[in-house]
Structures are given as C-alpha cells and as structure tokens.
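Here are a few friendly notes to read alongside the model. Take them in order, and keep the 3D view open as you go.

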Amino acid sequence: MNRRNTVTAPACAFLLLTSLELMQVGPSTALWAAPAILLAAMLIAWAAESAQFYIAQGFALAILAWLQTLPEFAVEAVLAWKQQVPLLLANLTGALRLLTGLGWPLIYFTAAAFHRIKYKKALNAIHLADEHCVEVVGLLVPLVYVTIIWAKSSLNLFDAAILIAIYVAYLMVLSKMPPQEVEGIEDLDRIPRAVVESSPRVRTFLIFALFSAGGALIYFCAEPFLGSLLALSAVLGIPSFVFVQWVAPFVSEFPEKVSAFYWARTIDRAPMALMNMVSSNINQWTLLAAMLPVIYSISRGTPSAITFDSQQELELLMTIGQSLVGMIFLVNMMLTWWEAGTLLGLWFIQFILSPVQPGPTAWGMIAGHIHWIVTAIYFLWFAVEVIRCITGKRMPAAFTLFAELWRTRIRPAAR
C-alpha cells in the first residue's frame, strides 16, 4: 500500500472538522459541554411544561422542537454552504431515522420501565390525548410532498417554499388548540410548578427566560460539544461518513432526547414526550429540508437544485418509509410495545449494516442490498396497515379526531 495515499482516521476527522468549520477542540471539552447541553435541555423542557397551560401544548412543543434542533440546523447549514451534498443528505436522513427508529421506542421503553417499577405491571401502550391528532396528521402531510421530492430526485427553492408553507399551516392549526387544563398543574415537578403558580408578570418573564437561556446555551455550546465528539471519534477511528450520518445527528438531537426521556419517566407525560419527538420530525421534514436549497443556492450565487444520486435516493426513500410506518402506528392514537420494538429492530438492522463509506465497495454493496430490503419492509408494512385501516382492523382515530377538531375549533376560529 502506498503510504502517501493513506489518510488516517485522525486526519480524516481533522479534514471533516475543518470542512464543517467547527471549533477544533479535544475530547475533554465534552466534560463541560455535555453538562451545559443537558442543562439547556432541562431549562427548555421546564419552559415548555409551564407554557402548555397558557398556549396550546402542541404549539409549545413546536417551539421546543425548534430550539432543541438548533444544533442540527447549524450542522446542516454549514454542509449546505460548503455544498457537501452527500454528507448533507447523510446527516438529514440519519437524524430523522434516529428520531423515529431510536427516539420513539426509547420513550416507550423508558415509560414502560418506570411503569413496571411504580405499578408492578407491564405498560401495554402509550395512549395519546385527543389533541395529539394534530401532530399525527401533521406528520403525514410533509411525507406526501417529500415523496414527490424523492420521485424527481431533487430539492429546489420551489420545494422549499411548499415545505415552509406546510409548516406555517401546521403552526396555525396548533395555535387554535386550547391550553392544558389547570388541574394538571399538580402533576408538574417542583420548578415548572413554581413557574406556573407565580404571578402573571413573573410567570411570563420566567417562561421567556427559561426558553431564552436554554436556547442560548444550545447555541453557544453545541459547536464545542460536536467538535469534542468528532475529536473523540478520531481517537476511536470512526469513519467520517459514519460520524456525519449517525454520531453528529445523535449529538445535535441530544437536547430533545433529554427532554423526552425526562417526561417519559413520569409515565403520565409520556404522550407529551412522544409528541415532542413527532414535532421534531415535522420540523426537520419541513423547515430543515427547506433551509438546504436556500443556503445551497446562496452559496452557489444562483438559484440551484440539490440533486440526488442513487445512494441518496435510497437513503431518502428508506427514511420516508420509516416515517410512514411510524405515522401509521400512531394513527389509532397509541404506540404499543410491539410497534416500538418493530421501529427499534428495523432501525438497528440498517444502522449496524450501514456502509462505512458509500461507494462500489463489497461492504457498501452488501449494505445497499440490506437497505433496499429494509426499505421494502417499511413500505410493505405501511401498505398492510393502510389495508387494516380500510377494513376496520386498525381504527384511524387520528383522522376522525382531526376532522372533529377542524369542524368545531379550527374552522370557526378562522372565520
């Protein structure tokens, strides 16, 4: 082997660090950056818990999801500016698959573990509240349009406008929903309960301060945290593609995972934790995806479309299939143990068999075949569940509830 053509893992990591314009730090930086990110997640979670009694819970979770995904937006923005299309799509699809394939199941299993400890019996399912039908239906809409984007193998400025419009419509619907009942204040932990029980002026200030402080911590600490993890991956010899597709999204979505599991442990707020993840899915399928061609075009100095190759088409299609299965699992307004296990199992298979670097290598081709199989399973499973909905074996309660909300609350409020 010609040593002059050999690039070591630390060298690859350094090149990736430079291309992402991340702060060049050592692994030890994580010792202070990780606690800072953890604190930020808790501050934002307390703010959202307090705010849900004065604005719609779904709207509060939408704000929460946007703040929590600031690191993911930052990474994707740099990749789009640098016109790193392969890494850009790898990070986007990896982040979305982490949310649904790992985040959703871990919320269920966290709630189930604490349910077993508290009640000495199994938790068969997480049951959603009626108003959560907005998030379930809201997840389907961008998936339909992203399927069109996949079919034409490109993402352009027109697509960005449509995706932003979908998200704005989603927020408008959420804004029409009522706040949570005051009786639920007793179930809050000490800090959010103290915020809610404060005087109106103090309460407003505290909610704003918690959101602002948490968002600021994420903004200033996300880069050194991500840089420290990249430095650690270099020490461990993790390839750059694997880092961008799996490690970076896990790190950038760490705040929302902390908030979600903080709620899931209470069991009663496990539905809120799950909707936090669903709201993040919607946020990334719309706003994050829409941001990419905008920054890409600015970087090129002319309106430009991001085009996909066959590998990126497969990654996007598999991600769409996984999200469709997750959405159809929630359409009866619950997530059962076997559904959570299915999402986790299929995610784990394609995670373990992900190519170290896409390309015509033997492992890359084997992983590609496995990914096609997993993608086919997702879409076949989705088709089966749609048939079950049509035949009445799975009740599409989310659509029924959404239609009723539209008739009684949303349409009258729009007049």
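1. Among contacts in the chain between residues at least 6 apart in sequence, what percentage join residues at least 24 apart? The figure is 82%, where a contact means heavy atoms within 4.5 Å.

2. A word on the ground rules: this is a predicted model, in which local features need pLDDT of at least 70 and side-chain atom pairs count only at pLDDT 80 or more, while totals for chains, interfaces and linings use all residues. Residues are numbered from 1 along each chain as its sequence is written, and side-chain values use heavy atoms, with hydrogens and water left out.

3. Now the overall picture. The chain has 16 helices and four strands; these are DSSP runs numbered from the N terminus, with helices being H or I of at least four residues and strands E of at least two. Of its 415 residues, 54% count as buried. Buried means under 20% relative accessible area, exposed means over 50%, and partly exposed lies in between, with a 1.4 Å probe and protein chains only.

4. Please look next at helix α6 (residues 133-152) and helix α13 (residues 310-330). Their axes come within 10 Å and cross at roughly 155°; axes are lines fitted to C-alpha atoms, for helices over the stretch in contact, and angles run from 0 to 180 degrees between N-to-C directions. The two helices are therefore roughly antiparallel (angles under 35 degrees count as roughly parallel, over 145 as roughly antiparallel, 65 to 115 as roughly perpendicular and the rest as oblique). The crossing of α6 and α13 is left-handed, a term used if the near helix is turned anticlockwise from the far one by less than a right angle, with right-handed for clockwise. Residues in the contact include Leu139, Leu143 and Trp150 of α6 and Leu316, Ile320 and Met327 of α13.

5. Helix α5 (residues 85-119) packs against α14 at an angle of about 140°, with the axes 8 Å apart, which makes α5 oblique to α14. The crossing of α5 and α14 is left-handed. Among the residues making the contact are Trp104, Tyr108 and Phe109 of α5 and Leu344 and Trp347 of α14.

6. On to the aromatic rings. Rings of Phe, Tyr and Trp (its six-membered ring) pair if their centres lie within 6.5 Å; planes under 30 degrees apart count as stacked, over 60 as edge-to-face and the rest as tilted. That rule gives seven aromatic pairs. For Tyr108 and Phe109, the ring centres are 5.1 Å apart and the planes stand at 75°, so this pair is edge-to-face. Tyr108 is buried at 4% relative accessibility, whereas Phe109 is partly exposed at 33%.

7. How are the rings of Trp347 and Phe351 arranged, stacked or edge-to-face? Their centres are 4.8 Å apart and their planes lie at 10°, so the pair is stacked. Trp347 and Phe351 sit four residues apart in helix α14 (residues 337-352), which separates them by about one helical turn. Trp347 is buried at 5% relative accessibility, while Phe351 is partly exposed at 29%. Elsewhere, ring pairs link Phe329, Trp338 and Trp381 into a cluster.

8. Finally, the cysteines. There are zero disulfides, a disulfide being a pair of cysteine sulfur atoms within 2.5 Å. Cys133 is buried, with 0% relative accessibility, and Cys389 is buried at 16%.
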